[in-house]
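Please have a look at it first.

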Amino acid sequence: MKDLVVIGGGGHSKVVIATARAVGFEVTGILDEDETKYGKVILDVPIIGGLDLLRNGMYERAVIAIGDNRKRQRIAHYYKGFCTWMTLIHPFSFVHSTCSIGDGTVVFAGAVTQPETIIGEHCIVNTSASVDHDCSLADFVHIGPGVRLTGGVKVEEGAFVGAGAVVIPQRTVGEWSVVGAGAVVTKDVKPYSKVVGVPAREIDSIDANKGE
């Protein structure tokens, strides 16, 4: 088995570790920016230190196990070139042979990605999510558990689609926007906005200046 280090010692790391093991990696340690977590153990994997260990060249392969899209973007950019970002696709998911999936992306158990779908780098396709034909997910997108993206949906960079949400065909979810859990998106979602409800309606805006 190949060694892999996981970045992030929160709850999301449990699913990433389980996925990595299902693929055949040996997870040798967890890195985290929070020093108070050092020495703790998640699924028999110790939190061994900070992310500076990547810069020291101690680890060849890594994956970011952080659900927050902004944090994932910052880490991916800052530590680019110091390791190989691994793509993890759970064996109990379905990814059609015509799909394209970028470096650092994780696809969890039960997820389905249909023909001609393009998924960027460091995305999360969470448990039992469905991404139908001809969808496009840009870098740092997070698709929550049980989400249904129908045909031809475009999800722009950094957008988050909450658990159980549905996006009808040919709609766009704008960059760094948030779709609330259980929402039904019937119209395009503006960049840097938050929508909720059935049908989804805008309730707030998101600070565009928080980008990395």
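So, to begin, how many helices and how many strands does the protein have? In this predicted model there are 3 helices and 25 strands. The radius of gyration is 17 Å, close to the 17 Å that the globule rule gives for 212 residues, so the protein is as compact as a globular protein of that length. Along the principal axes, the C-alpha atoms fill a box of roughly 45 × 40 × 25 Å, and buried residues make up 46% of the 212 residues. As for the surface, the accessible area comes to about 9,500 Å², with 50% of that belonging to carbon and sulfur atoms.

Let me turn to the sheet. It is an open sheet of 8 strands with mixed pairing, in the order S7-S10-S13-S16-S19-S22-S24-S25. Strand S7 (88-89) and strand S25 (201-205) stand at the edges with a single partner strand each, so one side of each is left without a neighbour in the sheet. Further in, strand S22 (residues 178-179) runs parallel to strand S24 (residues 193-196), and 2 bridges join them; here valine 179 stands opposite valine 195 in S24.

Finally, the cysteines. With a cut-off of 2.5 Å between sulfur atoms, the count comes to 0 disulfides. For cysteine 99, the nearest cysteine sulfur is that of cysteine 135, 9.5 Å away, and cysteine 99 is buried, with a relative accessible area of 15%. Cysteine 123 is likewise in no disulfide, the nearest cysteine sulfur, again that of cysteine 135, being 12 Å away, and cysteine 123 is buried, at a relative accessible area of 1%.

Note on methods:
Residues numbered from 1 in each chain as written. Predicted model: local features only at pLDDT ≥ 70, side-chain atom pairs only at ≥ 80, totals over all residues. Heavy atoms only, no water. Buried < 20%, exposed > 50% of the residue type's maximum accessible area, 1.4 Å probe, protein only. Pairing = 2+ DSSP bridges. Helix = DSSP H or I, 4+ residues; strand = E, 2+ residues; numbered from the N terminus. Rg over C-alpha atoms; globule rule 2.2 N^0.38 Å. Areas by Shrake-Rupley, 256 points an atom, 1.4 Å probe, with all protein chains shown as cover.
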